[in-house]
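Visitor: I have not looked at this structure before. Could you take me through the terms used for it and show what each one rests on?

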Amino acid sequence: MVVVSLKASYTVKPSEPTFDGRLSLSEWDQIGTITHVPTIYFYRPSQDWIMRDGDILATLRDSLSRVLVHFYPLAGRLCWIQGSRLELECNAMGVQLIEAESQATLDDFGDFAPSPDLEHLVPCVNYNSPIHELPLMLVQLTKFSCGGISLSTSISHAVADGQSALHFIDEWARLARGEPLGTPPFLDRKVLRAGDSPIAPPCFNHAEFSHPPLLMGASSTVEERKKGTTVSLLKLTKTQVERLKKMANDSRPTECGRPYSRYETIAAHIWRCACNARGHKPEQPTAIGICIDSRSRMRPPLPQGYFGNATLDVIATGRSGELVSKPLGYASSRIRAAIEKVTDEYVWSAIDFLKNQPDLSQFQDLHALGNDEGPFYGNPNLGVISWLTLPMYGIDFGWGKEVYMGPGPHDFDGDSLILPGHDGDGSLVVALCLQVAHMDAFKNFFYEAMAESSIN
């Protein structure tokens with residue numbers, strides 16, 4: 001077990017005065033996961049950096065204070081308002097930077113697969129504190145005995161989605177290297193009518209805001225939420241990805257247009273394998289949550305550098321028996337149909353739906369706060385998020401690019417991420433959380449399908 005000692009904690013505030021006041025949050029900021037989302041980077045700095053002990057921390061502190069001038073919402077605090085809604089208090093209270101050390105080496109983490117050891121490298125958020133006291137961003141720098149370091153961030157999902165969080169980290173690294181800001185953040189959430197009253201009822205049926213299916217025979221998600229989970233990193237070579245795409249597209253009707261994408265293929269494969277591994281009855285209803293970035297789907301598109309949440313979740317549904325008995329392309333077609341619904345009109349309709357709700361609590365995932373009333377995408381459902389197009393890699397603060405970057409620990413049954421391989425060779429990685437009882441079977445189904453395809 002890796003032992004980590006906390007040395008110091010600092011509050012880092014913007015280096016210059018910033019806007020002081022309340023900012024309205026968009027509907028997308030206030031639903032789904034509104035707690036903190038961790039990511040972690042591992043580095044092997046050059047001997048020159050290692051010898052100058054203290055320079056890494058000083059560089060991070062200084063550049064962080066300067067980048068917060070531009071991204072000042074991250075230095076603020078959230079506050080609850082009527083209807084389980086949130087506002088952002090821009091008060092420059094700052095972010096928390098933790099300095100830690102460990103006698104472990106980077107080699108002790110092997111291929112950096114998720115494990116309990118990673119939990120000690122990620123800043124802990126004390127959700128027992130009132131929300132208006134919680135930093136919206138926490139950072140932990142951990143130095144290892146080999147000279148390597150890890151840099152982890154936990155950023156409130158109520159303030160930034162994945163695209164925005166990675167935009168911030170990229171700009172922070174640019175300033176740390178002594179370069180100017182690349183793309184300034186666009187902070188005005190009024191482009192999504194943040195804080196405005198509803199102007200119309202929704203014009204679409206938004207099934208994504210209903211609770212997903214329950215296990216047959218169950219009346220709630222209570223028992224499924226109690227079951228232990230585990231996380232695995234499942235790697236796919238470029239050849240395996242192409243093999244799965246061929247499997248999906250071999251059964252694609254010609255009228256379906258373009259071939260199924262990597263996401264439509266891999267998400268469908270994950271969905272089918274989960275149904276098999278969980279031992280569902282053929283008639284079991286199941287849903288897959290699909291996270292869609294609306295930035296380029298809106299007309300006009302959101303401004304470049306939009307900082308906030310611009311993603312919405314839609315769902316594809318089916319019955320487990322059909323999903324596993326029909327070709328892979330069937331599950332891909334269900335996923336594509338859900339994705340293609342998301343147009344400019346659909347996005348505004350979804351915003352109107354939420355604006356017309358008297359209370360948003362039923363749409364908020366507050367599991368970390370001890371509230372299990374929100375949506376649950378564990379058994380018999382799952383969520384598959386794509387990081388395939390996000391600027392994840394090559395984050396250089398001045399001591400070289402990372403040797404590994406990935407999601408921090410997560411323990412929600414059904415959560416999964418599809419990430420590009422770190423080497424840019426066309427490989428992919430699936431980071432998957434499932435119940436312990438289902439993971440081994442899932443792995444078998446996950447790789448068996450490709451082996452069978454290579455034989456045929």
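Visitor: What makes up the lining of the second largest pocket, by class?

Guide: There are 12 nonpolar, three polar and four charged residues in that lining. Nonpolar means Ala, Val, Leu, Ile, Met, Phe, Trp, Tyr, Cys and Pro; charged means Asp, Glu, Lys and Arg; the others, Gly among them, are polar. The model is predicted: local features need pLDDT of at least 70 and side-chain atom pairs 80 or more, while totals for chains, interfaces and linings use all residues. Residues are numbered from 1 along each chain as its sequence is written, and side-chain values use heavy atoms, without hydrogens and water.

Visitor: Which residues are closest to the centre of the second largest pocket?

Guide: Lys235, Tyr404, Gly421, His422 and Val429 are the closest, out of 19 lining residues. A pocket is an open set of points on a 1 Å grid over the protein atoms alone, where a 1.4 Å probe fits, with protein on both sides within 12 Å along at least five of seven lines; a lining residue has an atom within 4 Å of a point. Two or more lining residues come from each of β10 (229-236), β15 (404-407), β16 (415-420) and β17 (428-435).

Visitor: Why is β6 described as largely enclosed or open?

Guide: Five of the six residues of β6 are buried, so the rest of the structure largely encloses β6.

Visitor: What is the order of the three strands in the open sheet with β6?

Guide: The order is β2-β6-β5, with antiparallel pairing. Two strands pair if DSSP finds at least two bridges between them. Four bridges join β2 to β6 (residues 85-90), with Ser24 partnered by Glu87 in β6. Five bridges join β5 and β6, and the partner of Ile81 there is Arg85. In the hairpin of β5 and β6, three residues lie between the strands, and Gly83 takes a positive phi near 75 degrees.

Visitor: Why do β2 and β5 stand at the edges?

Guide: β2 (21-24) and β5 (77-81) each have a single partner strand, so one side of each lacks a neighbour in the sheet.

Visitor: Which strands form the open sheet of six strands?

Guide: Its order is β1-β7-β8-β9-β4-β15, and the pairing is mixed. The edge strands β1 and β15 each pair on one side only. Strand β7 (residues 95-102) runs parallel to strand β8 (residues 137-144), and seven bridges join them. Glu101 stands opposite Lys143 in β8.

Definitions and conventions. Buried < 20%, exposed > 50% of the residue type's maximum accessible area, 1.4 Å probe, protein only.
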